[in-house]
Amino acid sequence: MRTAIVTGAARGNGFGIAECLAEAGYDVRLLSRGDNVFAAADALKKLGFHATGYRCEVGDDLFAMRKTVDSILDVTGGVDVLVNNAGLSKVAGFEDLSVTDLDELYRVNVKGTFLMTKLVIPSMKKKHFGRIINLSSVTGPIVCNPGYTGYGTMKAALVGFTKALAVEVAPYGITVNAICPGYIRTPAVERSARTVNPENPESVFAGMAEGIPEGRLGKPEDVGTLAAFLASEGAGYLTGTVTVIDGGETLPETRNFRDFYNAV
C-alpha cells in the first residue's frame, strides 16, 4: 500500500484530498496544526480507510516537522505522495501589508512547502518513485483582486517552485505538479460569506456562482479527485504542470458574461 502525506488536512481542500486518496487505496497521513486533525482521521477510519492524524504545524520548526515525518517513515518505510496543501491567507492592501504579515504568509505557504518537500525527497529517491502536488491558486498566478498582493505573491512562487523542482527530480521517477483552485466551498469561504452577509450567506455564494460558467462553486472533492489522479501511476508522464480547477471562472472576457451571452 502506498503512503500519502497531506498537510493542512483537517478540513477544506486538504480533507477533500485526503478522502479521495484514501478512497483510491492510499494509507493517508493527515497533518494539521490543530487537534481537529485527529477527528478528521477518525472520520476516514470509520469509513474503512487507512488514515492517521498528526498535529504538526508547517513552517519554521524544522525539528518538529522532521520528527513527524520520521515517525511516518518508521511505520511505513517510505512516502510515495506528498500533497503540500497547508496555506495561509491575509487580505490587506499593499500599503497596509506589514513585513510581519508577509513573513507569516511566506513561512506557511512557501517555506512550509519547501521544508516538507525536502524531508520526503530522500525517501522517494530510494524508491525511485514519488508524487509531489503543490496547492497554488488562481489568485496570483492568473488573476487577483485588491488586497491579495501578499497571498498572490506566495501562490505564484509555488508555481515557480513546482516547475524548477520538477526538472531536478525527474531522473528519480518523481513528478511535481501544481493545482490552482478557483472558488471552492471550503469552511474558510463559508466563514467569509457569513461575514459579508450574516443573514443570508447563501446569497453571497449565489453572487460568486454568477461569475463561474459552470454556475457553482467547486467542492473539496473536486480538488481531491484531481489530486488523486496526479498521484496515480497513470499520471507518470505529467510533471511540471499547473492545472486550473475553477469551473471556468478565469475564462470569460467580461464579468457579466451571462448577460453578454444571452444578448448574442
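This note goes through the overall fold, the salt bridges and the surface patches of a predicted model.

1. Overall fold. The protein contains nine helices and seven strands. Its radius of gyration is 19 Å, close to the 18 Å that the globule rule gives for 264 residues, so the protein is as compact as a globular protein of that length. The C-alpha trace spans about 60 × 40 × 40 Å along its principal axes, and buried residues account for 47% of the 264 residues.

2. Salt bridge between Arg2 and Glu233. The count of salt bridges comes to twelve, and one that deserves a look joins the side chains of Arg2 and Glu233, at 2.6 Å from N to O. This pair links distant parts of the chain, since Arg2 sits in the segment before S1 while Glu233 belongs to the loop between helix H8 (220-231) and strand S7 (242-245), 231 residues apart. Arg2 is partly exposed, with a relative accessible area of 29%, whereas Glu233 counts as exposed at 52% relative accessibility.

3. Salt bridge between Asp80 and Lys127. The side chains of Asp80 and Lys127 meet in a salt bridge at 3.0 Å, N to O. Here too the pair links distant parts of the chain, with Asp80 in the loop between helix H3 (62-76) and strand S4 (81-84) and Lys127 in helix H4 (residues 99-127), 47 residues apart. Asp80 is buried because its relative accessible area is 1%, under the 20% limit, while Lys127 is partly exposed, with a relative accessible area of 38%. Arg2, Asp80, Lys127 and Glu233 are linked in a network of salt bridges, which the reader may wish to view as one unit.

4. Salt bridge between Glu190 and Arg185. In this pair the closest N and O atoms are 3.1 Å apart. Glu190 is partly exposed, with a relative accessible area of 26%, and Arg185 also counts as partly exposed, at 32% relative accessibility.

5. Positive patch. Arg11, Arg33, Arg191 and Arg194 form a positive surface patch. Of these residues, Arg11 is placed in the loop between strand S1 (3-7) and helix H1 (12-23), and it is partly exposed, with a relative accessible area of 47%.

6. Ile142, Val143 and Val244 make a nonpolar surface patch of about 200 Å². Val143, in the loop between strand S5 (130-135) and H5, is partly exposed, with a relative accessible area of 34%. Within helix H5 (residues 149-169) lies Thr153, which is partly exposed at a relative accessible area of 42%. Thr153 and Gly140 are 13 residues apart in sequence and 5.9 Å apart in space, C-alpha to C-alpha.

Terms used:
Residues are numbered from 1 along each chain as its sequence is written. This is a predicted model: local features need pLDDT of at least 70, side-chain atom pairs count only at pLDDT 80 or more; totals for chains, interfaces and linings use all residues. Side-chain values use heavy atoms; hydrogens and water are left out. Patches are made of residues with over 30% relative accessible area and no salt bridge: like charges are joined within 9 Å, nonpolar side chains (Val, Leu, Ile, Met, Phe, Trp, Tyr) within 5 Å. Accessible areas come from the Shrake-Rupley method with a 1.4 Å probe; for residues, only the protein chains shown count as cover. A salt bridge is a side-chain nitrogen of Lys or Arg within 4 Å of a carboxyl oxygen of Asp or Glu. Lys and Arg count as positive and Asp and Glu as negative; His and the chain ends are not counted. The place of a charge is taken as NZ of Lys, CZ of Arg, CG of Asp or CD of Glu. Helices (H or I, at least four residues) and strands (E, at least two) are DSSP runs, numbered from the N terminus. Buried means under 20% relative accessible area, exposed over 50%, partly exposed in between (1.4 Å probe, protein chains only). The radius of gyration is taken over C-alpha atoms; the globule rule is 2.2 Å times the number of residues to the power 0.38.
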